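Okay, thanks for coming, everyone. I'd like to walk you through one model today, so let me put it on the screen.

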Amino acid sequence: MTSSCDDGLEELNVNPNNPEFVLTNTIFNYGTKRYSDITRDEFNMGRLDLNWMEYWGQTAYADEDRYLYRETSATSIYQNSYFIATEFKTIIDLNLDPKTVPIVATVGNNENQIAASRIMLACIFSDLTNFFGDVPYYSYGTQDPDFQALQIDNVKSPVFASQQKIYADILKELRESADMINVDEPVFTSGDNIFNGDAAKWKKFANSLILRIANRLKAVEAGAANTAIAAAIASGVMTSNDDNAVQLYESSDANASPFWRAFISRTDFAVAAPFVDLLKGKTGKYGADPRLFEMAAPKAASINSVKAGDYNISANPDDYQGIPFAFPVTNLLPRSTYSYMSSKVLRPDFGSVLMEYAEVQFLLSEINNFDQTFYENGVRASMEKWGVPTGAIDAFVARLPAANLENVITQKYVALYMQAHEAWAEYRRTGFPNTDILLLPGESYTLPADQAAASKLTTYEFKAAPNSLDLPFRIRYPQTLQTLNGENLSNAVSKLPNGDTVLSKLFWDIN
């Protein structure tokens, strides 16, 4: 009796309603949303480089404005990036396993699924190395012994690959990904909330990312960078705002953008004075920028009006005012003395941009010795994306100063509003926007009359964290790594010029 009852017991204990694996389109849907949720939320961007690049400032306290960021941000970025990367590796593995290839082929072309996953892995690892420096790295197509990440069954303590190796391999991964895409087949039949399965747009995205990565590499490895750039342009980059890579969100709170969820009951951030002053034409050499009215709300608009989208948009720059950046007593300022972000930003379905056409045009301008037409195209594309009227665009573009490093990167900075990770990387690479626009440690700012009256201060000095004379060059490794992977961490730290501090520059940061 015991023998007969035991026979087939394993089969009886299998839940027929629980699939052996989740279909790859569902994994991809989860992975891209989770990547955007984690890297572009109120803590891992809002209290980090969105502040450091002085797009926004905090309304209650200024610790993170002063570069005293939270250890939890470093831990979250690091740990969650690897968790999410594992999802994309799973998609690749399922598209290589003979047992599952025909099943996952029902939701998209197998090679296209692999290519899109490789592209997302390139995004994740470029972010990681730009935040920290050397990190454990995974490559689909390179069997380098230093690439040990995501091998959780075999490698418990992966080595940290060098930034140089990671950058070189990301360029290779993106090139191979673009080349393996079949534009006549969908990437996914559903579940792709970036390009809705459009393989041709994924190909353009990969080539455009090559421009970004290679242009950053060019100052230290010009030959490899220029070769990658030429191949990417020949293969085809983004050609309009229709090609923008944007993680879409929904109007429901459950699937809303991370900033909307953060602001449901809070008023932590407002648009920072240095950015507002640039858009008003008080600083810089560009005059009043009509994107001000699309990116910020008038200072008379309450946060509830911004959330509801029912405030009156003013075309008078004087009705807009930024919150003083890193101001020690922001709690003394009435809400009516500074501008919140616009309703175009603070809405549940605000998409998170991974890369857009405007950036590609600025890159092409720089690559082509600061070509004026590409530069103007970048400004125009940004303004069109934000909904600026055609007449206002034409007037602004007509008075743009000539293209050069400063002007191209400063206008790129404006276009990268709400894309702070990339803006921070570009600042580290180029030094722009310069001190005429950004408020740097040790500099003073003169308050507008209403803010001065409320705070009883006319000017104040930006006092950053100890020993900081510039924006941070990187963020420190999470403290948890000291126990989880201490030996390899120590080896990575030993290669940093100023140790595991924000003062250690990355290998491409030579300005």
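Before I point at anything, one term: I call it a salt bridge when a side-chain nitrogen of Lys or Arg is within 4 Å of a carboxyl oxygen of Asp or Glu. Keep in mind this is a predicted model, where local features need pLDDT of at least 70 and side-chain atom pairs count only at pLDDT 80 or more, while totals for chains, interfaces and linings use all residues. Residues are numbered from 1 along each chain as its sequence is written, and side-chain values use heavy atoms, with hydrogens and water left out.

So, salt bridges. Searching the whole structure turns up 34 of them. Let's start with R429 and E366, whose closest N and O atoms are 2.8 Å apart. R429 is in helix α20 and E366 is in helix α16, residues 357–367, so this pair ties together parts 63 residues apart in sequence.

By buried I mean under 20% relative accessible area, with exposed being over 50% and partly exposed in between, using a 1.4 Å probe and protein chains only.

Next, R291 and D289: their salt bridge has its closest N and O atoms 2.8 Å apart. R291 has a relative accessible area of 0%, so it counts as buried. D289 is at 4%, so it's buried too.

R175 and D179 make a local one, with 3.0 Å between the closest N and O atoms. Both sit in helix α9, residues 163–180, and they're 4 residues apart, about one turn of the helix. R175 counts as buried because its relative accessibility is 17%.

Now the rings. You describe a pair of aromatic rings by the distance of the centres and the angle of the planes. Here, rings of Phe, Tyr and Trp (its six-membered ring) pair if their centres lie within 6.5 Å; planes under 30 degrees apart are stacked, over 60 edge-to-face, and the rest tilted. There are 35 aromatic pairs in the structure. One of them is F132 with Y477, stacked at 5.9 Å centre to centre with 5 degrees between the planes.

F275 is in helix α13, residues 273–280, and Y417 is in the loop between α19 (405–415) and α20 (420–430), 142 residues away. Each of these two, F275 and Y417, is buried.

Y477 comes up again: the charged end of R474 sits over its ring, 5.0 Å from the centre. That label needs NZ of Lys or CZ of Arg within 6 Å of the ring centre and within 35 degrees of the ring normal.

Last, the whole chain. We've got 23 helices and 6 strands, and buried residues make up 58% of the 511 residues.

Note on methods. Helices (H or I, at least four residues) and strands (E, at least two) are DSSP runs, numbered from the N terminus.
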